[in-house]
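Hi,

Here is the structure I promised to pass on to you. Have a look at it first, and then read my notes below.

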Amino acid sequence: METSLELLHLTLGDTGLQGALAVPLHARGLVVLIDGSVIGRASARQRTVAGYFLRNHHAVMMANLLQQPDAEVDIDPASLLPALCDQLADILRFARGRPELAGLPTGIHADDLAGAAALRTAAAHPDLVAALVLRAARLDMAWAELERVQAPTLLVVPGLDVEAIALARDADRHLRGPHRIEVVSRATRRFEEASALERACLAACDWFGQHLRQDER
């Protein structure tokens, strides 16, 4: 589904982040779609994922937290996380202040390093996050926060990634709020196999459909 998104220039403190917003009629909730592995503008892949949520009557706000480095140097992912968490919290506050999103419960869909940032942000700001879907996320980088996450959390993992499945099962023992693991068969970490991304998106839509309800906000 090709999605027409209103481009927003988000002036969030000194971050200078840019994002895109689409709000369907009779929106049931808002999904903040964060890509933790693609640097730059909203990708075609993000737009594909956004299309699933829009068809299920959820508003979508997209943003890329990572910035293009000035040089090709090795960066410790752990050093990026505090800034990513701050940026994500700013996006959530920005969304809450938008009049067209007033009253909508907010979920986060994130992958890779952004998934760790989503967990940390949900633990620190439970009032801002109503549900989480984390696809092939760096769960190991938010281990200390798992027990404090209250938002219902879906862990989507690729069926061909043994390490990711083991990590999700370990996280499952630490999460205290409602949670579930969804293993997408015949999928690798990027979900590029036939129908893999679609099955991951459908699982996410189902989770948000259950947990993004205005009367539960």
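Buried here means under 20% relative accessible area, exposed means over 50%, and partly exposed is what falls in between (1.4 Å probe, protein chains only). By that rule Ala-137 is buried, as its relative accessible area is 9%.

Before going on, some ground rules. This is a predicted model in which local features need pLDDT of at least 70 and side-chain atom pairs count only at pLDDT 80 or more, while totals for chains, interfaces and linings use all residues. Residues are numbered from 1 along each chain as its sequence is written, and side-chain values use heavy atoms, with hydrogens and water left out.

**Confidence**

The mean pLDDT of the protein chain (the predictor's confidence in each residue, from 0 to 100) is 86, and 83% of the residues reach 70 or more. Over residues 38-42 pLDDT stays under 50, and the model has 14 contacts for them beyond four places in sequence; a contact means heavy atoms within 4.5 Å. Residues 68-73 also have pLDDT under 50 throughout, with three contacts beyond four places in sequence. Where pLDDT is low, the predicted coordinates should not be read in detail.

**Overall layout**

The protein chain has five helices and eight strands. These are DSSP runs numbered from the N terminus, with helices being H or I over at least four residues and strands being E over at least two. Read from the N terminus, the order is β-β-β-α-β-α-β-α-β-β-α-β-α. Of the 217 residues, 51% count as buried. Among contacts with a separation of 6 or more, 73% are made by residues 24 or more positions apart. The accessible surface of the chain comes to about 10,300 Å², and carbon and sulfur atoms hold 49% of that; the areas come from the Shrake-Rupley method with a 1.4 Å probe, and for residues only the protein chains shown count as cover.

**Cavities**

A cavity is a set of points, on a 1 Å grid over the protein atoms alone, where a 1.4 Å probe fits but cannot get out, and its lining residues have an atom within 4 Å of a point. Grid points are joined across faces, edges and corners, and the volume is the space filled by probe spheres set on the points.

The largest cavity holds about 60 Å³ of space. Its lining consists of Leu-33, Ile-34, Asp-35, Arg-45, Gln-46, Val-49, His-109, Ala-110, Asp-111 and Arg-135. Two or more of the lining residues come from each of β3 (29-35), α1 (44-55) and β5 (106-111). By class, this lining has four nonpolar, two polar and four charged residues. Here Ala, Val, Leu, Ile, Met, Phe, Trp, Tyr, Cys and Pro count as nonpolar, Asp, Glu, Lys and Arg as charged, and the others, Gly among them, as polar.

The second largest cavity has about 50 Å³ of space. Around this one sit Leu-134, Ala-136, Ala-137, Leu-139, Leu-155, Val-156, Val-157, Ala-164, Leu-167 and Arg-189. β6 (131-137), β7 (153-158) and α4 (162-172) each give two or more residues to that lining, which splits into nine nonpolar, no polar and one charged.

**Residues to look at**

Ala-137, one of the residues lining the second largest cavity, lies in strand β6. Beyond four places in sequence, Ala-137 touches Asp-111, Asp-112, Gly-115, Leu-167 and Arg-189. The C-alpha atoms of Ala-137 and Gly-115 are 4.7 Å apart, although 22 residues separate them along the chain.

Phe-191 is in the loop between β8 (179-184) and α5 (196-211) and is buried, at 2% relative accessibility. Its contacts beyond four places in sequence include Arg-45, Arg-135, Ala-136, Val-156 and Val-157.

Thr-106 belongs to strand β5 and is buried too, with a relative accessible area of 12%. Among the residues in contact with Thr-106, beyond four places in sequence, are Leu-30, Val-32, Leu-92 and Leu-212.

**Backbone angles to check**

Which residues other than glycine have a positive phi? Asp-112 is one of them, with phi near 50°. Asp-112 is in helix α3 (residues 112-124) and is partly exposed, at 24% relative accessible area. Arg-186 is another, with phi of about 55°. Arg-186 sits in the loop between β8 and α5 and counts as exposed, at 58% relative accessibility.

Methods
1 Å grid on protein atoms, 1.4 Å probe; cavity = no way out; pocket = protein on both sides within 12 Å on 5 of 7 lines; lining within 4 Å.
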